[in-house]
Each structure stands twice: as C-alpha cells, then as structure tokens.
Amino acid sequence: MGDRDNPDYKILVVDDEPDLERLVRQRMRRHIRRGKYGFEFAGNGVEALEVLTEKKDIDIVLSDINMPRMDGLTLLQQIPEVNSDLRSVIVSAYGDMENIRTAMNRGAFDFVTKPIDFTDLEVTIERTLRHLDEWRAALASRDKLVAIQNELDVATKIQQSILPDKFPHVDGCEVYGCMHAARNVGGDFFDVINLDAGRIGLAVADVSDKGVPAALFMMSSRTLLKGAAVGVEDPGAVLREVNDLLNETNDAAMFVTVFYGVYDPSTRLLTFSNGGHNPPLVVHPDGSSEELELTGGLALGAIPGFEYGQASVRLSPGDLVVFFTDGVTEAINVANEEFGLESLQGLFGDGRTPTAREAAEMILQAVQDFAGEAPQFDDLTCMTLRVADE
Amino acid sequence: MNVQVDHHDKVLVARVEGRVDSSNSQDFERQLQGAIGEDVQAVVVDLGQLAYISSAGLRVVLLVAKTLGQRNVSISLCALSDPVQSVFEISGFNRIIQIYDTQADALAAAG
C-alpha cells in the first residue's frame, strides 16, 4: 500500500477550469489520504506534456477536450511520444459523440461526461487501473518468456555444438551422424571418439524424459562417456564406469540408455555393450538386415554396481550399421501409427548400399515424411557406420 | 492414462491404463506416489491395460521402486503386454524389477 507522499497510482488531471482541482481534492480526499491515488494538475495540453515529461510515473491522464494552447484531442496524439505506459480518459460534453469517437480513435481508453459524476469517475478510474495492471503484468511475463527463450536458444546451440560435425577419415570405413531435437533442448546424443590404433568409439544415447533436466543429464553423461572411452579398453567396462559415476548423484532417478561400440577397421570387428538401448541394425549389401544382440545390459544411472556384458560381430565389406534412438522407430503419423522397425528395414533394398551420410539422411527424411504434420515429442538421432566395399 | 487402486490386505494393487509418455509422466508419478500409503507392505503394479510406456514412464517406475526400496517395501509388475514387456527387456529394467505373468502370481509372491 502507498501513502500520501507515495501513492499507489498517479493521475494527471488536465482542465482549464481552475475550480476543478479543489473539487477533485475534496471528493477524492479519502483515496488521497490513504495513499491510493495521487493527483497532478495541468491547465492545458502543453502543460500536461511538461508534467508527463518530468514525471514518468503517471498512470492515468484525465483530460478535458476544449482547452487553450493545446486541446485534449491533440494531447492524446502527443502522449505516446512522452509515455506509452499510461491510459487516457477523456472528459466530454454529454452526447458529444463526434469528439468521443475521435478521442477513442486516438487511443483514449474510456470517457466520462460533464458535469463529472464522481461516483462514475471512480468506477472508470478503477476499471482503467485494473486494465493497466493486467497489461503491465502481461508485459512483464512476456519479457520473462523472451529471456527464457533466449537462454534456451543458447542451450540449443551449446548442445548442438558438442555433437560431432566432422567425422574421422579412416581407411576402410566411414561414419556419419545427425540429430533433430523435438524441443529446444534434447536428451539424445551421439559421439564418435578417436581411439588408439585407428579404432573408433561409437556411442548413441537417449536420456529418459525431455527438456532442460534431460539436457543437463545428457551433457554430463556424454562427458563421462568420452572420458571413460579413452581410458578403458572394453565397452562393457566403459559402461560400468559411467553407470557408477552417474549413480553417485542421481536423486531424480533419471537414466540414459547407451549403446557403445568400438570398431576396428583393420579387423572389421565391432565390439559393443548395450546399456538398455534399442539395438542397432546391421544392413547387408543385399538389403537384408538384423539387430545386434542385447548384451544383458541396463540403462545407465538406474542402479550402481551393475556389470555390463559385451559381444562382438565381424562385419563384412559393404555392411552398414545403423545406430539410432527410439524416436526413429516410435515416430507417430497423423493416423497414430508408429514408423516401426520394419519400415526402417524396408528402406534398404537390393543393390548398392548407400554411403554413411546418404543412409543417415535418408532415414531421418523417411521418418519426417512419415510423421507429416503429426507433432513429434521425441528427438530423432541416427548415426551410421559404413564398411568400405571390397 | 489412469491409475486404479485396490487393497488386498497390506498389498496395494495399482492398475495402470492407457499410455504413459513424457506428456503425462508427471501425472503418472503423482497418481502412483499418492496411492501408496504408509501402512503398505508390498506394491503390485498391474500393467495389463497399459498400451505404451516411454522412457519418461520408466523413470517413474524406477523412482517409485527406489523410494519403496528405502522403506523395505517390495514392488513387482505383472501382466505386461508384448510391447511393454519389450520396453522392459531392452532397457534392462526386467533385471532389477520383479515381473510376473499374472496378477495372481504377483499377489501370491507378495503375500
């Protein structure tokens, strides 16, 4: 609540009738005493603009129309240049529809008629102030939303920037990956890690849930995985180490499914451990395909001390391994049907296997074509490893 | 998504219907946590009418299982449809949460 020297709202009364000031002070004395309204007075439009220029905290301008030097209708046009965060109420002769219409067209919020009925004036002032409060609250919310949106945009850029966009040039194979986040920030990631002796670490992962918490969890999972991958040989041991680290602080019971494999181009051997992730697909040059086996794993972050198994597969020349997140196979179209594993397998026919990049882009395009206008709630990630032809 | 609750002595049976994904997982968490009273000794979650569960839904199951574990209250799942069973197998959650074919089996084990 305000007080007499610091009222809640300030009203500027503009009228060339000198008796009006005394009348307003007398009829509004209760509100003035309680500090609800404070009043300023001006004798014409020019004086009113001087007051508005000097005092930026005026909430309402209550103005007569006919005044010397500058009339009320002209004043209405000038006010926004001085202060756009106030509302104007016009005092007009009873039935003077032409001036009232002009005033409303020039941005007046409301009008009262002469002779001023102070009960009516109070109702009008209250209504105007309510509107002004709501307007200001809406502006404040909008500013906050804009600020949050800006931060989310930065977060999106940070997230995208940690995903690989340059892929290793290794004799005997090529790698490509891409991701489309369903929201500003996603929970998916993939990584391609250069290891010793020409080997490549390949990871694709999906954090439970979406949005900012998932994005934060994704960032730490990705860093821990990269750290473990360069220090530990076996994929199963890598996942065990990351799982134990994630479990040290995880009150929200978040988890991340991770497929991690190490590919050695010299032997064409892919050794992998699956931490609760949907299994990658191996596509052969004749278009046939099968999923890599599960290795008895568990999503990372669920419980500490879990032992992760691993398996190996020897790939053949021309083979393509498709690593993806369930956003691909569980994409929904407008008829509420899932894209499904069979559609993914159906993309590959007899003939030349596409390059790593062609395959990844073809898959994401096919999923997006299938989904059409249906809103997607999950991130889409696809990474591909293409073994060179013989 | 809807959670219906029955009490069989000190065993609480929660039947989950519909789909659980990231759009309603918080509601799922509230309903499930809210249904579990202080004097419950075991919880059986019947997923027979659950058509789909995403990883956000799995997180809620994990969170409830962890909370109950700290109170020494057992939790088991039963009657999973094939797609839901497959989600639990791929994520590996079938290795850390007991799953039974039928509600009767789950109740017999919990009682």
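Me: What counts as a pocket here, and what is the volume of the largest pocket?
Reply: A pocket is an open set of grid points with protein on both sides within 12 Å along at least five of seven lines. The model searched in this way is predicted. Under that rule, the largest pocket comes to about 650 Å³.

Me: Which residues are the closest to the centre of the largest pocket?
Reply: The lining of the largest pocket has 29 residues. By class, 13 are nonpolar, ten polar and six charged. The closest to the centre are Asp326(A), Glu330(A), Ser86(B), Val87(B) and Ile90(B).

Me: Which element gives the most to the lining of the largest pocket?
Reply: Chain A contributes at least two residues from each of helix H9 (326–329) and helix H10 (340–346). From chain B, strand S3 (42–53), helix H2 (55–70) and helix H3 (82–91) each supply at least two as well. With six residues, the element that gives the most is H3(B).

Me: Which residues are the closest to the centre of the second largest pocket?
Reply: The second largest pocket has a volume of about 430 Å³. Its lining has eight nonpolar, eight polar and seven charged residues, and H9 of chain A and H2 of chain B each supply at least two of the lining residues. Of the 23 residues in that lining, the closest to the centre are Ile332(A), Phe377(A), Arg19(B), Asp21(B) and Tyr52(B).

Me: How much area do chain A and chain B bury between them?
Reply: The size of an interface is often given as the accessible area lost when the parts come together. Here 26 residues of chain A are in contact with 17 residues of chain B. Carbon and sulfur atoms carry 60% of the buried area, and the total is about 1,700 Å².

Me: How many salt bridges does the rule find across the interface of chain A and chain B?
Reply: Over all chains the count is 18 salt bridges. One salt bridge joins the side chains of Asp57(A) and Lys10(A), at 2.9 Å from N to O; these two residues are 47 residues apart in the chain. Between chain A and chain B, five residue pairs are in polar contact, but the number of salt bridges across the interface is zero.

Technical notes. Residues are numbered from 1 along each chain as its sequence is written. Chains are lettered from A and ligands numbered from 1 in the order in which they are written. This is a predicted model: local features need pLDDT of at least 70, side-chain atom pairs count only at pLDDT 80 or more; totals for chains, interfaces and linings use all residues. Side-chain values use heavy atoms; hydrogens and water are left out. Contact means heavy atoms within 4.5 Å. Buried area is the accessible area (1.4 Å probe) that two parts lose on being put together, summed over both. A salt bridge is a side-chain nitrogen of Lys or Arg within 4 Å of a carboxyl oxygen of Asp or Glu. A polar contact is a pair of N or O atoms within 3.5 Å; within protein, one must be able to donate a hydrogen and the other to accept it, and residues adjacent in sequence count only if both atoms are side-chain atoms. On a 1 Å grid over the protein atoms alone, a cavity is a set of points where a 1.4 Å probe fits but cannot get out, and a pocket is an open set with protein on both sides within 12 Å along at least five of seven lines; lining residues have an atom within 4 Å of a point. Grid points are joined across faces, edges and corners, and a volume is the space filled by probe spheres set on the points. Helices (H or I, at least four residues) and strands (E, at least two) are DSSP runs, numbered from the N terminus. Ala, Val, Leu, Ile, Met, Phe, Trp, Tyr, Cys and Pro count as nonpolar, Asp, Glu, Lys and Arg as charged, and the others, Gly among them, as polar.
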